[in-house]
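Hello,

Please find the structure below. My notes on its side-chain contacts follow.

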Amino acid sequence: MSSKSVYIDAKEVSQLLGVSSSKAYQIIKQLNNDLKKDGYLTIAGKVSRAYFCKKWYGADDE
């Protein structure tokens, strides 16, 4: 099993992107809203690591 969680939180988004924690929460909220539109369930303050990588970096796999 991988040591990384399936979800990425605002602290990690903030560190990866070099943005404030409030900006990281805004990014996560937007990604979660996109997922909700597609019918997925989401967790507030966290987003799927795979989806984050796909949307932010354009990668299909991590």
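Is Trp56 buried, partly exposed or exposed? Trp56 is partly exposed, with a relative accessible area of 44%. Please keep in mind that this is a predicted model.

Aromatic pairs

There are two aromatic pairs in the structure. One joins Phe52 and Trp56: the ring centres are 6.2 Å apart and the planes lie at 5°, so this pair is stacked. The angle falls under the 30 degrees that stacking requires. Both residues belong to helix α3, which covers residues 49-57. Four residues separate Phe52 from Trp56, about one turn of the helix. Phe52 also pairs with Tyr57, this time edge-to-face. Here the distance is 6.0 Å centre to centre, with 85° between the planes. Together, Phe52, Trp56 and Tyr57 make up one aromatic cluster.

Tyr57 is partly exposed, at 46%.

Salt bridge

Searching the whole structure turns up one salt bridge. Its partners are the side chains of Glu12 and Arg49, at 2.9 Å from N to O. Glu12 is partly exposed, with 23% relative accessibility. Arg49 is buried, with a relative accessible area of 7%.

Best wishes

Conventions. Residues numbered from 1 in each chain as written. Predicted model: local features only at pLDDT ≥ 70, side-chain atom pairs only at ≥ 80, totals over all residues. Heavy atoms only, no water. Phe/Tyr/Trp six-rings, centres within 6.5 Å; stacked < 30°, edge-to-face > 60°. Helix = DSSP H or I, 4+ residues; strand = E, 2+ residues; numbered from the N terminus. Buried < 20%, exposed > 50% of the residue type's maximum accessible area, 1.4 Å probe, protein only. Salt bridge = Lys/Arg side-chain N within 4 Å of Asp/Glu carboxyl O.
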